[in-house]
Each structure stands twice: as C-alpha cells, then as structure tokens.
Amino acid sequence: MAFWPLEGRRYDMPALFGPSSVPDKTVIEDAHAIVLSAPISRDAAETLLPNQFRSPDAPVLSLAYVQYNDVDYLGGRGYNEIVVTVSAIHEGNDGTIAAAYAPVLWVNKAGALIAGREFMGLPKLLGNIPDSVEVEGGYRFSCFEEDALLLQGEATDLAPLAAPALDRVNARAGEVRTFGWKYIPGPNGSCDVDYPLVNVMRWNYRTAATGRGALTFAKPSGSDAPFSEAAIATLRGVPLQGEIRAFYGRGEATIDRQATRRIA
C-alpha cells in the first residue's frame, strides 16, 4: 500500500517511513551553556544577514557552546553544539520582530543536525566538538571539522550571579527567540523554498556566572575544512568593537518546536 502522509504531522526525510521521531518539545534537564558576546558594526552585521533581515543600531555577535545531556530523540545520548548569532530585525506582515539570527551552527551528532536543519531553518554543519574543559577561573571549548581546528573560545574570571540577578536572567531566558532561514535550492540554479522563521528555546538556569571572554577563529584550508572554511573565513573577518563578555549557565533547557513559526 502506498504511503500517505498524515495531515498535521511533521515528517523528516526519509519521510516515506512515517512521522518524525523528533518530538514537538524536547526537555533537557541538565544542559550548560558558555556564551561569548561582543559589539560589532552594522556594516559587519549586515554581511551575516540574509535579505529578509536588517541589523539594529547596536548589533552584537555571540558565539555559544552548549552541551545537552540525555536527549530524548537521541535515545538518551547527548550532543554538543556551537551556535553563532547576530542581532537582527525582521519587518513584515507580522510586524517588527527583534531576535538573533544564526548564520551558522555546528553539532556533533547527525540527529541534531537533521532536527534543526530541515524543520527549523537552522544552517547546521557537522563538527567535532569535544566537551568543554575547566581552566583557571572558567572553561575552554573548541570546534573542529574532522581534525582541522575551526575556533576556540574561553570564559574566565567567572563570578557567580546572586539570586536577584539570576532571577532577572531567567526572566529573559524563559523565551529565547532565534531567527531561522529555510532555503532549499532547486534544479538548474532555481530556488524551491526561501522564507524566514522564528524558533524558540526556553531556559531555566539553576546557576549562572559572568566574566571575561576570549575567542579565536582559526585559518583552516579549504581542503582541511571543505564545509566550514568559508564560514570561518567570514567570521574571522568581522571586527569586534569592544570587550568580549562571557556568560556561563547550567540548568534546564527546552527546545519548543511547537513554537516554530513561519514569518512574512
């Protein structure tokens, strides 16, 4: 009997074998994030944004290392992720929306790549991302394509946030919106799909700290890092216009796929 998709159900390729095994909502009870942020110019921000978005007056470039433990759709396995975002604004029929746009992400599990790339419009690449390591006063992380180093980040001089400050962070982290861009090419240089989305994550940090950050983009060759070299070269060319601030948080993270929506 021929397969027929059920209306209202979400499917991932290969769609022939039934609805997606990735749930509408994933709750990770133990996740931790290291976020490095610095101001950049509007001109630099515009180089990282598709035509559907524009830069605000004071854009910020952020790079986050996130470690997710015990993920439901990975059979209880975890994965690590590097997320690059830049401040962005979308203006359209849905009004003016301010959020962060993710021009590139790396994950170290194929399942996490499929879950975000097809449905959420997040441009995920497969990377080799070791667990973060403790250094004096903080943490260090890195990302590779195969054996080629792509980037390295560090958060140091971390000072724990007291309860009132942690409450304020959690009030903002209760809905973290990230723009996606669903682009699917067609034959002969055509475009089959081209539209922006908004995705939502929800964090509830048990502990958090702030401090100083450091970030280095490597110089891999096109043969050593064929999928990542162009992205890293572009990011390496973005001048930071202030100190790098660091944030560290550990707690519960929710990927709310039910909140993903197309915007126009």
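Which residues does Val169 touch, not counting residues up to four places away in sequence? In this predicted model, Val169 touches Leu161, Tyr205 and Phe247 once those sequence neighbours are set aside.

- Val169 is found in helix H3, which covers residues 163-173.
- Because its relative accessibility is 12%, and buried means under 20%, Val169 counts as buried.
- Val169 and Trp203 lie 34 residues apart along the chain, and their C-alpha atoms are separated by 9.4 Å.

**Nonpolar cores**
- The largest nonpolar core has 41 residues, of which Ile34, Ile82, Trp106, Phe141, Leu151 and Phe179 touch the most other members.
- Strand S4, residues 95-107, gives the most to this core, contributing five residues.
- Leaving aside neighbours within four places in sequence, Phe141 is in contact with residues including Ile34, Leu36, Leu63, Tyr65, Ile82 and Leu151, and also with Ser132, Gln152, Gly153 and Glu154.
- A second, separate core comprises 30 residues, among them Val22, Ala64, Val66 and Val107.

- A search of the whole structure finds one cavity of 30 Å³ or more, and the largest cavity has a volume of about 50 Å³.
- The lining of the largest cavity is formed by Leu36, Ser37, Ala38, Leu61, Ser62, Leu63, Leu215, Leu240 and Ile244.
- Strand S1 (25-39) and strand S2 (60-68) are the elements that give two or more residues to this lining.
- By residue class, the lining of the largest cavity divides into seven nonpolar and two polar residues, with no charged ones.

Methods:
Residues are numbered from 1 along each chain as its sequence is written. This is a predicted model: local features need pLDDT of at least 70, side-chain atom pairs count only at pLDDT 80 or more; totals for chains, interfaces and linings use all residues. Side-chain values use heavy atoms; hydrogens and water are left out. A nonpolar core is a set of buried Ala, Val, Leu, Ile, Met, Phe, Trp, Tyr and Cys residues joined through side-chain atoms within 4.5 Å. Buried means under 20% relative accessible area, exposed over 50%, partly exposed in between (1.4 Å probe, protein chains only). Helices (H or I, at least four residues) and strands (E, at least two) are DSSP runs, numbered from the N terminus. Contact means heavy atoms within 4.5 Å. On a 1 Å grid over the protein atoms alone, a cavity is a set of points where a 1.4 Å probe fits but cannot get out, and a pocket is an open set with protein on both sides within 12 Å along at least five of seven lines; lining residues have an atom within 4 Å of a point. Grid points are joined across faces, edges and corners, and a volume is the space filled by probe spheres set on the points. Ala, Val, Leu, Ile, Met, Phe, Trp, Tyr, Cys and Pro count as nonpolar, Asp, Glu, Lys and Arg as charged, and the others, Gly among them, as polar.
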